[in-house]
Amino acid sequence: MAEIGVVGLGVMGANLALNMAEKGHGVALFDRADEKAGTVVGSAGTLAPMLEPAVAQRDFVAAIRAPRPVILLVPAGAAVDAAADALLPFLSPGDIIIDAGNSNFRDTRRRSQVYAAKGIDFLGIGVSGGEDGARNGPSIMSGGQPESWQRIAPIMNDIAAKFEGEPCAARVGPEGAGHFVKTIHNGIEYADMEMIAEIYGILRDGLGMAPAEMAEIFAAWNGGRLKSYLIEITATVLDAHDPATGKPIVDLILDKAGQKGTGRWATMEAEDLGVPATVIEAAVAARALSAEKERRVAAEALFGAAKRKIDVSDRNAFIDDLERALLAGKIVAYAEGFAVMAKASETWNWETPLGTVAKIWRAGCIIRSVFLDDIAAAYAAGPVVDLITAPPFAETMKATHDSLRRTVSAAVLAGIPVPALSAALARFDLGRTARSTANLIQAERDFFGAHGFERTDREGTGLHGPWSKT
Ligand code: 6PG
């Protein structure tokens, strides 16, 4: 009998099923399209005996040993409700439904409650790593009850990516916590990708570099403190050529970025919790602006193109600055993402272990990097209020913020848009300004709305100004 079932045999579902089969776990398979389960088994080679295809939900459920864990890998939204509801008549109390898609954590919270009333634990798990991760080792962020996690943990630990032998899989809190953490992972992914793209813009338009030259720079950075999956694939992508034309493929790809919504959710939740996530917000907004290609083309004709070229006296020093700028921007973006998770955990009493989150992001997921090992170490060393000021990041920030400033300044003067890097710099500057300009805002709020303020020279709240209004 199968140990676990998978519903939804798209790329992610099929690859996760093969990964589980390879680790010795029998998997029952079901897809709404009748032929898919058979197709997956047909292409599974030596793993086929570990897979049990079914064309009806009843047979699918019957093929799994009770109490049954069933993983759903269907598109987020109504399809999750539909897939779970269709299984329900055949499930028994004690069975677990695991939604491993990119669901909105608010849906997961609702579903957890609805299914708990029926004796079924609904577990939302974030799975990162794309197709390759699903097949060879993703990062797994689970919500749900501890007992349910205990039951599926052996399988999840087996299939997860390993960082120095440690599985990148963990429970990060109850109900929607897993999907929330995955949402913030994706928000950070957006920020990382946007900042890398901005640096690419400076190299391409500011310095006039060809993709192959840029690939070398990113490859070199991947040997240093920026070492990460995203920097590695940036080098690979920049070095790839279109077989038909022989041109660098990156030059032939339309500059309109897609988005499925998780980055946007990250910013909405951050705003809702009152935690600034300015770099992620800038990255989400930049994607939206990128999609307005036709308007951008028309506006360039209207206003003229920016100069874009950057005159540098010492090219190598300038490129070293870019590397440090990216590192500084990354610190701010991750600090914001972790602050959002901390606030969410506090708000919903999730007790999300943030150090563990950093640990399970060190391998398997899209934002995996050596940098996350430093974050894990920072949390292991003691409570972290703000990663920007926590060791060792405070020291790195001291060593890199001037580079971020020079980079942003050079780009801005040349008219190269760097919204995420600028947001990181502004966040850093605002965060270390002892006397800000919010006193003026307070004065104006009091002037037009009698909202009151505190003074620097005496105690008390709700104080008012000497406004004489006619
Ligand atoms: C991952 C990715 C994965 C996916 C998203 C990105 O962690 O494996 O984040 O979830 O790539 O679908 O989506 P968009 O860029 O389309 O929003």
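1. Some ground rules. This is a predicted model, where local features need pLDDT of at least 70, side-chain atom pairs count only at pLDDT 80 or more, and totals for chains, interfaces and linings use all residues. Residues are numbered from 1 along each chain as its sequence is written, and side-chain values use heavy atoms, with hydrogens and water left out.

2. Who surrounds the ligand? There are 14 residues around it, and the closest are Asn-102, Ser-128, Glu-189, Tyr-190 and Lys-260 (a residue counts if one of its heavy atoms lies within 4 Å). The shell splits into 2 nonpolar, 8 polar and 4 charged residues; Gly counts as polar here, and Tyr as nonpolar.

3. Now look at helix α8, residues 177–206. It gives the shell its largest share, 5 residues (helices are DSSP runs of H or I with at least four residues, strands are E runs of at least two, both numbered from the N terminus).

4. Next, the polar contacts (pairs of N or O atoms within 3.5 Å). A polar side-chain atom of Asn-102 is 2.8 Å from a ligand oxygen. On its own the ligand has 410 Å² of accessible area, and the protein covers 81% of that (Shrake-Rupley method, 1.4 Å probe).

5. Over to helix α20, residues 438–449. Its 12 residues should span 16 Å at 1.5 Å a residue, and because its end C-alpha atoms are 16 Å apart, the two agree (the expected span is 1.5 Å times one less than the number of residues).

6. Most residues other than glycine have a negative phi, and most peptide bonds are trans. Asn-349 has a positive phi near 50 degrees, and sits in the loop between α15 and α16. The bond from Ala-66 to Pro-67 is cis, with omega near -10 degrees; Pro-67 is in the loop between α3 and β4. Pro-391 and Pro-392 are also joined by a cis bond, with omega about 5 degrees, and Pro-392 lies in the loop between α17 and α18.

How values were computed. Polar contact = N/O pair within 3.5 Å; in protein donor to acceptor, adjacent residues only side chain to side chain.
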